[in-house]
Amino acid sequence: TAVAVHPVSILGPFQGPLATLCRLAAMPELAPLLTANAAWSPPYRNGRELELKSIVGAFLRLSPLPDFWMVSAQPSVTESCYPSPSTLSQRDANAAHAQLRNIIGMLHAGLNELLRGLLKKKELRARTVGMLAECVKACHGRSKMRFNEMQEASHGFAFNLAGVLLLLCEPFLDASHSKRDRLDVSYVLGDARGLPFSKLTRLAASTDEMASWVDVRNLDHQEKFKAQQEERERRELEAQGLSAEEAAAVIAARASGDGAGPSTQPAAEKEYSFICECFFLTAEALHLGLIKIISMYNEEMKEAHRRRREMEAAQARQEGAPPDARLEALKAQCDRDMQRRLCFEAALLTPDVLSRALAFYRLMATWLQGLAGGKGDGEPLPVPPPNEYRAMPEHFVEDMAEVLIFVGQLMSYGWLRELGSERLGDFME
């Protein structure tokens with residue numbers, strides 16, 4: 001089924017094979033065979049290899065985003081949607097964008113249906129989440145400022161992975177953030193699922209400080225860290241209206257294993273709720289997917305703008321003179337630049353994806369505020385902040401800012417009106 005999808009582009013007939021997988025996932029007798037298949041979570045040397053070898057990877061790579069394999073994938077996105085970019089009307093460009101975004105929506109919805117069908121089966125949940133974690137890990141080569149696009153996961157793979165994970169997060173992205181207590185910092189501190197959180201730059205903690213706080217071999221450090229966690233929990237519970245005695249009882253119950261809550265238990269020995277795993281996997285997928293693509297799009301647009309100014313200057317000098325080969329080459333490159341811009345924008349400006357990303361980062365902001373000791377009442381945060389907050393990856397905050405800046409700029413140009421300015425206003429509360 002997945003092999004049939006490899007030669008096609010996002011415009012190709014992938015819906016039939018994906019629908020077949022969804023039906024298999026819904027059948028209790030056949031679903032285990034799907035996750036037990038060697039191609040469900042195959043070994044891989046790099047992200048590009050995982051795309052080619054895995055069942056889900058074959059679908060995740062489908063995208064209008066620029067990639068070297070688009071040259072051979074059929075039908076061609078550039079030729080079908082943006083054949084003559086220099087003469088393409090805005091109306092035709094918008095129609096092509098709408099077509100591609102509609103297909104992206106169908107792809108994400110189909111993959112969401114497939115994964116939810118498997119996640120509903122308790123015995124398949126660990127292997128399904130494990131596969132998603134491997135997909136996120138396979139994207140980590142993209143974290144470099146410059147990476148080998150022939151070897152690392154493609155823009156489409158990383159973008160769709162983030163988009164599908166956002167859909168899986170949607171049930172707990174409610175306005176009241178009622179599930180934020182299920183988010184366990186030890187998932188990050190313990191490099192759960194083998195995710196390399198410990199290699200990331202922290203908000204305000206050195207490697208030595210991290211070792212002294214969470215060294216699981218040192219009982220004294222464990223007790224200190226546990227006390228800090230319990231103090232934060234106590235403040236959160238009292239802010240919710242519980243008395244000091246009631247808060248202490250809840251914390252004691254959690255410590256004894258009767259409820260969910262932070263723990264110093266090593267990540268390798270601990271099971272996390274799906275909400276916790278999905279949240280942190282999504283944070284990483286967004287960092288390596290949507291955020292990275294926004295950064296590369298902005299850089300490409302600066303370079304394309306420079307080339308266009310160079311072409312216009314050359315045209316002015318060339319007026320009335322015989323044709324110049326260098327000018328013709330510049331015009332052809334500017335056409336290719338415009339095609340790449342249109343392909344980037346077809347995916348990046350998808351309102352549903354950006355809307356869910358804003359909702360996700362609203363939850364991230366609320367959770368980080370609580371982690372920093374904030375009660376949501378406008379009072380200043382404690383100084384110094386708790387060690388748990390200092391130990392979080394700095395990209396949790398930076399990525400939030402990147403999305404807000406990107407969406408804010410687009411809205412200032414009159415785009416993405418359907419999102420509503422109140423989505424940005426939520427972050428100012």
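The protein chain comes out at an average pLDDT of 86, with 85% of the residues scoring at least 70. Helix H8 has the highest confidence, at 98, while helix H18 (residues 422-425) has the lowest, at a mean of 60.

Residues 257-268 are a stretch to watch: pLDDT stays under 50 there, although the model has 29 contacts beyond four places in sequence for them. Where pLDDT is low, the predicted coordinates should not be read in detail.

## H6 against H7

Helix H6 (residues 90-119) packs on helix H7 (residues 122-138) at an angle of about 140°, and their axes are 8 Å apart. That angle is why H6 counts as oblique to H7. On the H6 side, Leu 115, Leu 118 and Leu 119 make the contact, and H7 brings Leu 124, Arg 125, Thr 128, Val 129, Met 131 and Leu 132. By type, the contact residues split into 7 nonpolar, 1 polar and 1 charged.

## A closer look at H7

Does the length of H7 agree with what its residue count should give, or disagree? With 17 residues at 1.5 Å a residue, H7 should span 24 Å, and its end C-alpha atoms lie 25 Å apart, so the two agree.

The buried residues of H7 include Gly 130, Ala 133, Cys 135, Val 136 and Ala 138. As a set, the buried residues of H7 pack against H6, helix H2 (31-36), helix H3 (47-53), helix H4 (55-60), helix H8 (155-169) and helix H13 (274-318).

Definitions and conventions:
Residues are numbered from 1 along each chain as its sequence is written. This is a predicted model: local features need pLDDT of at least 70, side-chain atom pairs count only at pLDDT 80 or more; totals for chains, interfaces and linings use all residues. Side-chain values use heavy atoms; hydrogens and water are left out. Axes are lines fitted to C-alpha atoms, for helices over the stretch in contact, and angles run from 0 to 180 degrees between N-to-C directions. Helices (H or I, at least four residues) and strands (E, at least two) are DSSP runs, numbered from the N terminus. Angles under 35 degrees count as roughly parallel, over 145 as roughly antiparallel, 65 to 115 as roughly perpendicular and the rest as oblique. Contact means heavy atoms within 4.5 Å. Ala, Val, Leu, Ile, Met, Phe, Trp, Tyr, Cys and Pro count as nonpolar, Asp, Glu, Lys and Arg as charged, and the others, Gly among them, as polar. The expected span of a helix is 1.5 Å times one less than its number of residues. Buried means under 20% relative accessible area, exposed over 50%, partly exposed in between (1.4 Å probe, protein chains only). pLDDT is the predictor's confidence in each residue, from 0 to 100.
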